[in-house]
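I am keeping these entries as a record of what I looked up. The order follows my reading of the model.

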Amino acid sequence: MTSGQGTVAVAEYLFRGDAEVARALLDSQGIRAHVRADDEGGLNPGFFSEYRVVLEVKAADAGDARVALGLGESLLVPDEIQAGMMAHAEWAHPNEACGLLAGGGEVIEMVFCLSNRDASPTRYTIDPHEHYGAMRFAEACGWDIVGAWHSHPNGDAVLSNVDVAESPGGEWITVVVGNGRLTGSPIRAYRTDGPAVTELAIHRSA
Ligand SMILES: [Zn+2]
């Protein structure tokens, strides 16, 4: 499935009518979406009632759109937390940046931007003293450490085999900050359980 520049397909439908209903729902929430039929080409889109259509939105709106449409699991990551991770990733470049995420449920309340003991462009180990400090701080605020984040300075925000293998599993969340060149989404979130990986749709507001 191909997408236009900077847009991603967030849902796929058999009937154009269903896609139009979803588009209207997003529109009512201020999210601009576009309905596109794969085989629209020279056909009259109004004439054929059934064919595969996709709903596209700007990459930055993809998480909000998935949440609005009730698709899959989601994670609330406020703008300032996303900005904090991006800034730390830029600062650490060309090495990987890393840190921890505190919160509860499907909400990230705070990001900790910590030191990468490996000082490497391809690996990270969170400084254990800083890790401990972050845990203490989160606990004092009534939050849990729910996951970790790191950057891929030279790649996309896609989990590597090492990321999956090293994840503690369970409810642990891994957020990756990539360069966004391939998918257009520089920040992506995952929940891993063994080799099973579920992407969480990131949204910015409740
Ligand atoms: Zn990684």
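This is a predicted model: local features need pLDDT of at least 70, side-chain atom pairs count only at pLDDT 80 or more; totals for chains, interfaces and linings use all residues.

Entry 1, the metal site. I looked up the geometry at the zinc ion and found its site irregular, with angles of 56 to 160° among its four donor atoms. His-150 (NE2), His-152 (NE2), Asp-163 (OD) and Asp-163 (OD) coordinate the zinc ion at 2.0 to 2.5 Å. I took as donors N, O and S atoms within 2.8 Å of the metal (3.2 Å for Na, K and Ca); water is not among the atoms, so sites may look incomplete. Along the chain the donors of the zinc ion have the spacing H-x1-H-x10-D. His-152 lies in the loop between strand E7 (144-151) and helix H5 (161-166), and Asp-163 lies in helix H5, eleven residues apart, a pair that links distant parts of the chain. Helices (H or I, at least four residues) and strands (E, at least two) are DSSP runs, numbered from the N terminus. Both His-152 and Asp-163 are buried. Buried means under 20% relative accessible area, exposed over 50%, and partly exposed in between (1.4 Å probe, protein chains only).

Residues are numbered from 1 along each chain as its sequence is written, and side-chain values use heavy atoms, with hydrogens and water left out.

How many residues of strand E5 (residues 98-104) are buried? I found six of the seven, so strand E5 is largely enclosed by the rest of the structure. E5 runs antiparallel to E6, joined by seven bridges, and antiparallel to E7, joined by six bridges. Strands pair if DSSP finds at least two bridges between them. Gly-103 has Ile-108 as its bridge partner in E6 and Asp-144 in E7. The hairpin of E5 and E6 has two residues between the strands, and Gly-105 there takes a positive phi near 60°.

I counted one aromatic pair. The rings of Phe-112 and Phe-137 are edge-to-face because their centres are 6.1 Å apart and their planes at 80°. Rings of Phe, Tyr and Trp (its six-membered ring) pair if their centres lie within 6.5 Å; planes under 30 degrees apart are stacked, over 60 edge-to-face, the rest tilted. Phe-112 is buried at 9% relative accessibility, whereas Phe-137 is partly exposed at 43%.

Terms used:
Four donors count as tetrahedral if all angles lie between 85 and 135 degrees; four count as square planar and six as octahedral if opposite donors are over 155 degrees apart and all others between 65 and 115; anything else is irregular.
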